[in-house]
Amino acid sequence: MGTASGREANGRTAARVLDNGLRVLVQEVHTAPLASVWCWYKVGSKDEVPGLTGVSHWVEHMNFKGTKNIPRDQVKGIIEQFGGSWNGYTWIDQTTYLETATRDALDRMLFIESERMANCLYDPEDFESERTVIISELQGSENDPDHLLDIEVTAAAFKAHPYGHPTIGWLSDLRRMMRDEVYAFYRRYHVPNNATLVVVGDVEADEVFRAAGVHFRGIEPGTIPPRIYTSEPEQIGERRVTVSREGTTSYLKIAYHAPAVGDADFVPMLIADAVLTGAKGLNLWSSFRTPPPQRSARLYRALVNSRLASSVGGAVLPTQDPFIYQISATAADGVGLTTVEQAAIEQLDHLAREGITEQELAKAKRQLGARLVFENDSVTNIAHQIGFFETVANAEVYRDVPTQIASVSLEQVNRAAAKYLRPTNRTIGWFQPVPPGTGAPVPADKASTSGPMSEAR
Amino acid sequence: MTTVVHQGLAPSRETLSNGAVVIAKETHTTPAVTISAAFRAGSIYDPPSRIGLAHFLSRVIDRGTETRSADDIAEALDGRGVSLMVLVTRHLLTLACTCLSEDFEPMLDLMGDICMRPTVPEQEVETWRGEIVTSIRQDEDNPAVMAVEGLMGLLYAGGHPYGRRAKGSVDTVEAISRSDLQSFHRETFTPSSLSLVVVGDVGTHRVNEQAARVFGDWPGRAAPDSAVPAPPAAVTRQRLVVPMMNKVQADIAYGFVAIARKDPSYHAFLAMNNVLGQYALGGRLGDSIRERQGMAYYVFSAFEANVGEGPLIIRAGVDPRNVDRAVASIDEELRRLADEGVTSRELTESKQYLAGSMPRTLETNAGIAAFLQTAESFGLGLDYDVRLPHLINDVTLEEVNAEARRYLVPDRAALAIAGPYDGGQEAAQPAAGR
């Protein structure tokens, strides 16, 4: 390794927009002979209407199943030949696909993404086979009680905005939805003027722009219908939800409506969360896979060190519209949820009332600064951050995060905490296990969901 | 001026006078460094009456030293944005973290203190005993964990250390005392048991100097013997059903005792497994069970070649009505691979993938550190990253097919099924209690 420009959270990104509206963002990182290509679409489960919940995630699954110029039997191995990996995920605001491979696969990766944008097949047999795969994905996640509770709490927190339904969809929709509905959704939103192509790695920006032009310029822009989302009305009182199922362990969740990524309160709430549960960083692709530094965090001390809970966590998530700030705790064996809830609420109310200290502010800033370095350790992670933020806001928002963190004041944090951590703004959820044989039977036809993300694999 | 041409990672490796090994690799990709300290203190060293001891130590080792309280340690880590991870596997107990390079010295100091002088305060032992018991209860409600642990119990029956649950049971965890933890630490945490790997934006000279400063005076004792007995030979097919009627989906774990890491056919086995259950979306198993039959969101095979002969495990999560069909499909794919072998195209593709993924494996400091720890742990050599692509490319069709014939024998497979499933067609052994 030499002294090549390093991997930076907020490095220089070159941008071009093709005539068809496709935005292309490139960051040169010459530290390894790799390139990561991500194609992002501004469409997610918040764009789904009743009856079609889960359609955006189903589109994602179908978009790995062959195209006009990549026959079904040639999908397997198309990137693996280059030692590469591929994946995709769908969440509330976005659908995205990626490949990371050696740099000589750049042209291949751009070709795949152009085919995915314009030429996917949606073979009816593949469509039916994928229905059961997706239902299996849903049912696998329902084996996890914590996940079941997450679905219930999120649904209870939103009565109007489409963030309330799970990204994977409700089971009845997954059973009913038809091939032509899913295909129409694909055609409507997988268009160049609704997409951002991000390339990061051992490439030359001009070479990428040239190749992207070759592969994408022939794709016609689409007409995207106006998208109207009902704003979630202000919550006017605490909400509660309980899941009663057989199980061994009790779980607690407390969800507050939270600011959107573009809101001036977003970074102040990141700081408040760092004080409560430890700084995570902002990379949903990588940062959340390792536990945060949190042993000195307020909720950790109050719940885990005191033996009320075996774990506690929380996260302020970068979303286009206001989502939820959710605290999750696993009750220690033998401890009742009332006790865990009381201890957590005491901390949350205290922070809302009294704010944080200068010392805590300085520590949270240091933590976040370090996490922003750690979460950008690979071309894949850097490309994710650029594309993610371009999709939910714009890439500059991410570039400005370090400056915003450095300049946020105690008053801003305390004002935001007082505003969002109000009792009337929260939904409290309990997973209350009942002994075997006494609980509600597992319904044969349950409704359900997915977690924050739903990956293709 | 001397020009030294190094191929590949070419890390530095030094042995301190007390036997501790220090491996350093300088990179400048981010202003950060990954520190990994591995000790031969994994769960195989648990005394039979104290199953879960190594895992218990991994939860409390960093909760107090002779000069630092749990709070002091928490502040030292959190203040720098660092999460210290303590992981226990069958043979190793590893402490690892990533920090900014400016924090390297204080973090190495802290890790040294934790490794050499933990006090495991009584109060922390009680706190973490509760946490472990809760996590065992969670596992008992998790079909995936129950299936895999059930399978390991079948494959490594008769008290073999690989067949035990690393966390132990509520009973064994309740029986573990502070003095058990202290004596386990005393016996397994020795300089000659330590492999310290440092990768990142810190010069090699600085790493060696600091490692010697922190660990150099630690008095040496013999490292524990890492040998494990041979696992029992499978003669028949075995099957275990763990009914969990409160669940929606059933988890299948299907496997065999496979190979040790030092087995000369390791790379042929690696390629065979890639074709079987890894390549693209789960190899041949994924083609059949996910892609053609739409039965499962995930299906794959994975193996753990270890000091002793580790398992090959096939995993799938399916609708309980499809358990028998999925198992039949696994049987069929295994028989087909054993009888007909892999095609030369499949082998070429898998080799291209396995060799070609090296740059991704070695892209990050954490990735390099994990690779170097594995190489050190199994004595693969400092140039293993350079040799590995050649070792993969040299694998022949005959070698791969011999591995398939030798190991993929459904009549000697073990299966564990956990979930809302009552036994199905295949004659079941008595169901295990929950």
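Q: How many residues of chain A are in contact with chain B, and how many of chain B with chain A?

A: In this predicted model, 61 residues of chain A are in contact with 56 residues of chain B. The size of an interface is often expressed as the accessible area lost when the parts come together. Here the contact is described by residue counts on each chain.

Q: Which elements of chain A each supply at least two residues of the side that touches chain B?

A: They are two strands, β5 (95-102) and β7 (239-246), and two helices, α3 (124-142) and α11 (358-374), of chain A. Helix α3(A) gives the largest share of that side, nine residues.

Q: How do the residues of that side of chain A divide by class?

A: The side of chain A that touches chain B has 29 polar residues, with 16 nonpolar and 16 charged.

Q: Which domains does the assignment give within chain B?

A: Domain 1 of chain B spans 12-215, and domain 2 of chain B spans 238-419. Their C-alpha centres are 28 Å apart. In the contact between them, domain 1 of chain B contributes 29 residues and domain 2 of chain B contributes 30.

Q: Which elements supply the side of domain 1 of chain B that touches domain 2 of chain B?

A: The strands β2 (21-26), β3 (32-39) and β6 (194-200) of chain B each supply at least two residues, as does helix α5 (143-155) of chain B. The largest share, 10 residues, belongs to α5(B).

Q: What is the class make-up of this side of domain 1 of chain B?

A: The side of domain 1 of chain B facing this contact comprises 18 nonpolar, eight polar and three charged residues.

Conventions:
Residues numbered from 1 in each chain as written. Chains lettered and ligands numbered in written order. Predicted model: local features only at pLDDT ≥ 70, side-chain atom pairs only at ≥ 80, totals over all residues. Domains from an automatic or database assignment. Contact = placed C-beta atoms within 7 Å. Helix = DSSP H or I, 4+ residues; strand = E, 2+ residues; numbered from the N terminus. Nonpolar A, V, L, I, M, F, W, Y, C, P; charged D, E, K, R; others polar.
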